[in-house]
Amino acid sequence: MTLANGRPYLAIPGPSVMPDRVLAAMHRAAPNIYEGDLIDMVGSLRADLKAVACSTQNLAIYIGNGHATWEAANSNVFRRGDTAIVLATGRFGHGWAENARLLGVDTAITDFGKAAPIDLERAEAALRAHPDARAVMVTHVDTATSARNDVAAVRRLMDDLGHPGLLMVDCIASLGCDEFRFDAWGADVMIAASQKGLMTPPGLGFVFFSDKALEACKGSDLRTPYWDWTPRNAAQWFYENWYGTAPTHHLFGLREALDMIHEEGIEAVWDRHSRLASAVWAAAEAWGREGAFRLNIADPQHRGHSVTAARLSGEDGTRLRRWTEHQAGVTLGIGLGMAELDDPAGHAFFRIAHMGHVNAHMTLGALAVMDAGMKALGIAHGSGALDAAARALA
Ligand SMILES: *Cc1c(COP(=O)(O)O)cnc(C)c1O
């Protein structure tokens with residue numbers, strides 16, 4: 001007997017839940033890519049994407065996943081032999097840096113570990129040590145650790161020190177979930193992908209960039225024709241946006257997702273994520289009063305609002321994930337890059353996504369299922385978690 005056979009809930013931090021409206025918008029015959037509806041729609045898409053990013057500046061859209069935007073951003077910004085200052089707060093920060101390194105960039109990595117945000121004193125030391133670095137790379141919310149970084153504070157630090165570098169931000173896990181203001185926070189490059197807060201299947205990547213970055217990167221010599229952001233940003237002809245056939249159905253899905261975000265209002269979307277995250281954290285605090293349950297990031301100020309990394313002990317993270325998926329229809333995320341000496345496979349860790357098309361009953365349901373799973377598996381935990389979660393939303 002299983003209790004899993006109803007509508008399943010994929011609570012992993014991307015791909016996220018796709019709204020029925022998005023799926024329905026994609027359910028259509030192949031469109032003409034030379035004239036008609038699709039072409040008319042793309043202008044509005046670009047404007048509405050910039051609105052979600054709080055940007056008035058530039059945007060290149062690629063057919064690709066998040067890794068593709070890593071490479072797109074790196075190849076447009078850097079020249080061979082440049083230095084990049086990397087402020088890494090989890091596996092994704094290291095991944096973006098590795099992409100730069102493989103392209104021929106010297107990466108000066110400051111590692112803040114697996115359970116902490118950027119520390120500004122150490123960031124200052126890195127900036128002082130590399131005054132000529134072309135860019136500073138930051139992950140807004142690192143999906144592996146769920147650490148959330150203060151991007152505006154990094155910009156202020158760069159300005160205070162007169163550091164001329166470009167500020168590059170990975171918002172793949174946070175755009176459309178956590179507050180992010182491209183213009184006001186002084187970002188120069190920001191990357192995002194379709195399958196997280198934007199509620200659309202994986203396959204579209206976005207590189208937002210400032211006028212300053214457009215100008216500063218004109219001589220970048222790592223750029224190849226496909227990744228060059230210049231024609232994609234300034235496309236006069238529809239075809240130039242894509243360097244080939246457009247990602248037709250993704251665009252119809254994204255159009256619907258952006259309508260949904262617009263109807264709710266971006267600030268209300270941020271508030272919803274913040275409230276749902278607070279319910280998860282309230283439950284976690286109660287669970288943690290007995291047994292091994294801990295959130296990975298101790299300080300709520302430094303936690304992302306779209307994903308929460310947590311740990312149990314031994315293999316209990318994996319055992320709990322298996323139970324919630326097979327017995328109750330809720331798929332939690334695996335721990336990523338969190339292995340430790342006494343847990344080489346990282347089986348203590350797991351992640352709960354509350355990203356994108358998620359509401360109170362989904363989050364409360366996932367928490368109730370986790371509570372049931374710990375009871376079923378005999379995993380020690382404090383009581384009162386569901387009450388605490390309900391209070392957080394009441
Ligand atoms: C998901 C994610 C990526 C990678 O995206 P893919 O589409 O899997 O390539 C990179 N950075 C962050 C912060 C992410 O959350």
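Ser 210 is buried, at a relative accessible area of 3%; buried here means under 20%, exposed over 50% and partly exposed in between, with a 1.4 Å probe and protein chains only. Before I go on, this is a predicted model, where local features need pLDDT of at least 70 and side-chain atom pairs count only at pLDDT 80 or more, while totals for chains, interfaces and linings use all residues. Residues are numbered from 1 along each chain as its sequence is written, and side-chain values use heavy atoms, with hydrogens and water left out.

Back to Ser 210. Its place is the loop between strand S10 (204-209) and helix H7 (211-216); helices (H or I, at least four residues) and strands (E, at least two) are DSSP runs, numbered from the N terminus. From there, the Ser 210 side chain reaches the backbone nitrogen of Ala 213 at 3.0 Å.

Now the ligand. There are 13 residues around the ligand, and those that come nearest are His 67, Thr 143, Asp 170, Gln 195 and Lys 196; to be counted as near, a residue needs a heavy atom within 4 Å. His 67 has a polar side-chain atom 2.5 Å from a ligand oxygen. For Asp 170, a polar side-chain atom lies 2.7 Å from a nitrogen atom of the ligand. In the side chain of Lys 196, an N or O atom is 2.7 Å from an oxygen atom of the ligand. The ligand taken alone exposes 380 Å², and the protein buries 90% of that; these areas come from the Shrake-Rupley method with a 1.4 Å probe.

Which helix gives the most to the shell around the ligand? Helix H3 (residues 66-77) does, with three residues. By type, the shell has five nonpolar, six polar and two charged residues. Asp, Glu, Lys and Arg count as charged; Ala, Val, Leu, Ile, Met, Phe, Trp, Tyr, Cys and Pro as nonpolar; and the others, Gly among them, as polar.

Last, the backbone. Most residues other than glycine have a negative phi, and most peptide bonds are trans. Cys 54, not a glycine, has a positive phi of about 55°. Cys 54 is in the loop between helix H2 (37-53) and strand S2 (58-63), and is partly exposed at 23% relative accessible area. Met 199 also is not a glycine and has a positive phi, about 60°. Met 199 is buried, at 4%. The peptide bond from Gly 14 to Pro 15 is cis, with omega near 0°, and Pro 15 lies in the loop between strand S1 (9-11) and helix H1 (20-26).

Conventions. Polar contact = N/O pair within 3.5 Å; in protein donor to acceptor, adjacent residues only side chain to side chain.
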